[in-house]
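Please prepare a briefing on the side-chain contacts, salt bridges and surface of the structure shown below.

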Amino acid sequence: MTPFGDRMRKLRAERGITLKQMAESLGVSSAYLSALEHGKRGRPGWHLIQRILAYFNIIWDEADEVVRLARISHPRISIDTSGLNPKATELANRLGDEIGKLDAATLDELLVILSRKRQKPRG
């Protein structure tokens, strides 16, 4: 499941909406919506994201968060490390090889490290 798919599932559960009901309202198949939630399809397009936001009546900061989750929810990514430090290439390759073996606590640790780096002012 992707971060976006997890959020969609929680939104549906909070409102008591089935996958089929949501799919019909959005004009997509329930199979597509299920695949989107489970990471079997790439991230949704901008127009579908907008329809989802309208469907759930999501605005402002919560809408920004849903858009961010969609952006980081592509289940198959590629990382271009050309021109970067050789350690970046090593890290990308090792992460690709090992990510399926990492437990939730380790994933959380790595995400915290990356979040800290993003928040530090560059100087």
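**Contacts, charge pairs and a nonpolar patch**

Leaving aside residues up to four places away in sequence, R12 touches I17, T18, L19, M22, E37 and F56, where contact means heavy atoms within 4.5 Å. The model is a predicted one, in which local features need pLDDT of at least 70 and side-chain atom pairs count only at pLDDT 80 or more, while totals for chains, interfaces and linings use all residues. Residues are numbered from 1 along each chain as its sequence is written, and side-chain values use heavy atoms, with hydrogens and water left out.

- R12 is found in helix α1, residues 3-15 (helices are DSSP runs of H or I with at least four residues, numbered from the N terminus).
- With a relative accessible area of 10%, R12 is buried (buried means under 20% relative accessible area, exposed over 50%, and partly exposed in between, with a 1.4 Å probe and protein chains only).
- E37, one of the residues that R12 touches, forms a salt bridge with R9 at 3.3 Å, N to O (a side-chain nitrogen of Lys or Arg within 4 Å of a carboxyl oxygen of Asp or Glu).
- This pair links distant parts of the chain, since E37 lies in helix α3 (residues 30-38) and R9 in helix α1, 28 residues apart.
- E37 counts as buried at 1% relative accessibility, whereas R9 is partly exposed at 33%.

**Salt bridges within helices**

- A search of the whole structure finds nine salt bridges.
- In helix α5 (residues 60-71), E65 and R68 lie three residues apart, about one turn of the helix, and their side chains meet in a salt bridge of 2.9 Å, N to O.
- Both partners are partly exposed, E65 with a relative accessible area of 33% and R68 with 29%.
- In helix α6, E90 and R94 lie four residues apart, about one turn of the helix, and their side chains meet in a salt bridge of 3.7 Å, N to O.
- E90 is partly exposed at 44%, while R94 counts as exposed at 53%.
- Salt bridges that share partners also join R7, E14, R15 and E62 into one network.

**Nonpolar surface patch**

- L91, L95, I99, L107, L110 and I113 make a nonpolar surface patch of about 480 Å² (patch residues have over 30% relative accessible area and no salt bridge, with nonpolar side chains joined within 5 Å and like charges within 9 Å; areas come from the Shrake-Rupley method with a 1.4 Å probe).
- Helices α6 and α7 (104-119) each supply at least two residues of the patch, and α7 gives the most, with three.
- I99 has its place in the loop between α6 and α7 and is partly exposed, with a relative accessible area of 44%.
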